[in-house]
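Notebook open, structure loaded. I'm jotting down what I look up as I go.

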Amino acid sequence: MTTLRHTDTTTGLLLGCGVLAGPLYLVTGFAQAFTREGFDLTRHPFSFLSLGEGGWLQIANFVLCGLLFLAAAIGLRRTGRVGPVVPVLIGLFGIGMIGGGVFVADPAFGFPAGAPEGQPAELSWHGVLHGVAFFAAFPALVAAFFVLARKLTGPWARASVAVGVLSLAPMPFMGTEVGTVLLYGAATVAWLWLSAVMAKLRSES
């Protein structure tokens with residue numbers, strides 16, 4: 001009985017990391033977005049906050065939240081509730097976030113001050129790897145929502161499908177101001193939804 005309680009406690013703590021990760025990333029990111037001079041939510045993704053003076057905070061935000069998602073993936077695996085695929089996908093998402101912090105984007109679209117007004121003429125090696133991290137992480141998260149829909153029931157399953165579809169909405173508009181705004185909206189809903197799912201599974205574990 002003592003061993004069982006210890007196992008449940010550990011799983012609950014790991015899932016709690018997943019409850020915290022999304023809101024922490026969003027609060028830290030938006031707080032910087034509204035206080036960093038020259039940052040424009042209609043033009044600049046959160047990745048650009050890693051650049052310039054104070055960029056260390058967003059780098060830490062990426063890495064810490066990525067580690068929290070990795071911990072949550074282990075917790076998901078331990079519950080046995082969502083099968084083997086979802087923990088792998090959330091783990092890939094966490095690794096992608098860590099990569100997004102370690103390999104910073106290239107300055108562009110006028111941020112930080114002195115950056116070219118459009119895309120840089122040539123991408124650096126770390127800018128390329130930052131893009132690779134994004135295009136590995138985000139699809140893994142979206143795929144996790146659709147797989148989760150098969151493991152959840154009732155309104156939780158339907159909501160997971162809806163969030164997955166919503167997460168894809170910005171894709172046709174990527175590279176435009178509309179796409180950037182849609183990406184913020186979709187990412188906010190996605191991370192908060194994942195937090196809610198983690199909280200539900202934590203309460204049941």
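Started with helix 4: I find Gly127, His130, Ala133, Ala137, Phe138, Ala140, Leu141, Val142, Ala144, Phe145, Leu148 and Ala149 buried there. Buried is under 20% relative accessible area, exposed over 50% and partly exposed in between, with a 1.4 Å probe and protein chains only. Helices are DSSP runs of H or I, at least four residues, numbered from the N terminus.

Note on the source: this is a predicted model, where local features need pLDDT of at least 70 and side-chain atom pairs count only at pLDDT 80 or more, while totals for chains, interfaces and linings use all residues. Residues are numbered from 1 along each chain as its sequence is written, and side-chain values use heavy atoms, with hydrogens and water left out.

What do the buried residues of helix 4 pack against? I get helix 3, helix 5 and helix 6, with contact meaning heavy atoms within 4.5 Å.

Checked the length of helix 4 too. Its 27 residues at 1.5 Å a residue should span 39 Å, and the end C-alpha atoms are 39 Å apart, so the two agree. The expected span is 1.5 Å times one less than the number of residues.

Next, the largest nonpolar core: it has 45 residues, and Phe39, Phe69, Leu76, Ile90, Leu141 and Trp191 touch the most other members. Such a core is a set of buried Ala, Val, Leu, Ile, Met, Phe, Trp, Tyr and Cys residues joined through side-chain atoms within 4.5 Å. Helix 6 gives the largest share of this core, nine residues.

Looked up Phe69: leaving out residues up to four places away in sequence, its contacts include Ile90, Phe93, Met97 and Trp191.

How values were computed
Helix = DSSP H or I, 4+ residues; strand = E, 2+ residues; numbered from the N terminus.
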